Amino acid sequence: MSISTCLARATPALLTGALLSACASTTVSFQPAAPEPLCEPSATAVVFWATRWRADQKDVTARESAAATGLSGFFASTDCFAQTQLRRVDALPPSPLPAAPDSSRLIGIEVLELGPVVKLLSSAALVDGGTEVVFRAVRYPIGTADEPHSFIVRWRHGGPGVVKGVASLPQDMRAALQAGLVAANGAASVPDR
């Protein structure tokens, strides 16, 4: 029997085994470690957001839309702040940084990565994938000469045997913001049920 015949017969069994062994988990890391959550439910905030994609980024328009939907959904459905004004800017920091007498927080969100990740033949499951969100969060000081505080959040959901497309990107953006702005306290890895 030829090698190609053996592979053709074994492929359905290997794929079935790969799908059955799929185990998704969510990991979150911060660089540097975030000393405190940025959200403050009693505060008002102006949140500036921008994107900074890599040079070879594909489907920029779809990713921009997913980021916008995820950001607006997060701030509309959580008590991160008592009141939030979400503003799209070309780059962070917005120039000039506006005075915000009616806001107790000026926050910046710079989306660096938002999309599916797939590694082929990386494990016994043949596929290791999921989605990844990377953003930089910045808290700008109000009324002081202090330097802005910033950190990068890397959020990933996936694992061996997991393949995801772009449909979940707005929800993934929301989940990454939840982990990065509300629960910013180090790193976490939580298996899904």
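Q: Which residue lies over the face of Trp49, and at what distance from the ring centre?

A: A charge sits over a ring if NZ of Lys or CZ of Arg is within 6 Å of the ring centre and within 35 degrees of the ring normal. Here, Arg88 lies over the face of Trp49, 4.5 Å from the ring centre. The model is predicted: local features need pLDDT of at least 70, side-chain atom pairs count only at pLDDT 80 or more, and totals for chains, interfaces and linings use all residues. Residues are numbered from 1 along each chain as its sequence is written, and side-chain values use heavy atoms, with hydrogens and water left out.

Q: How many aromatic pairs does a search of the whole structure find?

A: Rings of Phe, Tyr and Trp (its six-membered ring) pair if their centres lie within 6.5 Å; planes under 30 degrees apart count as stacked, over 60 as edge-to-face and the rest as tilted. The search finds three such pairs. One of them, Phe30 with Phe151, is tilted, at 5.9 Å centre to centre and 55° between the planes. It links distant parts of the chain, as Phe30 belongs to strand β1 (residues 25–31) and Phe151 to strand β6 (residues 149–160), 121 residues apart. Helices (H or I, at least four residues) and strands (E, at least two) are DSSP runs, numbered from the N terminus. Both Phe30 and Phe151 are buried, where buried means under 20% relative accessible area, exposed over 50% and partly exposed in between (1.4 Å probe, protein chains only).

Q: Why is the pair of Phe75 and Phe81 stacked?

A: The ring centres of Phe75 and Phe81 are 6.4 Å apart and the planes are at 15°, so the pair is stacked. Both residues are buried, and together with Phe74 they form one aromatic cluster.

Q: Which residues have the most contacts inside the largest nonpolar core?

A: A nonpolar core is a set of buried Ala, Val, Leu, Ile, Met, Phe, Trp, Tyr and Cys residues joined through side-chain atoms within 4.5 Å. The largest one has 32 residues, and those with the most contacts inside it are Ile109, Leu114, Phe135 and Leu181. Elements that each supply at least two residues include β5 (127–140), α2 (60–77) and α3 (169–182). The largest share, six residues, comes from α3.

Q: Is Val134 buried or exposed?

A: Val134, found in strand β5, is buried, with a relative accessible area of 4%.

Q: How do the residues lining the largest pocket divide into nonpolar, polar and charged?

A: Ala, Val, Leu, Ile, Met, Phe, Trp, Tyr, Cys and Pro count as nonpolar, Asp, Glu, Lys and Arg as charged, and the others, Gly among them, as polar. The lining has two nonpolar, two polar and seven charged residues. Strand β4 (residues 105–120) gives the most to this lining, with four residues.

Q: What is the phi of Asp59, and where is Asp59 found?

A: Asp59 has a positive phi of about 50° although it is not a glycine. Asp59 is found in the loop between β2 and α2 and is exposed, with a relative accessible area of 53%.
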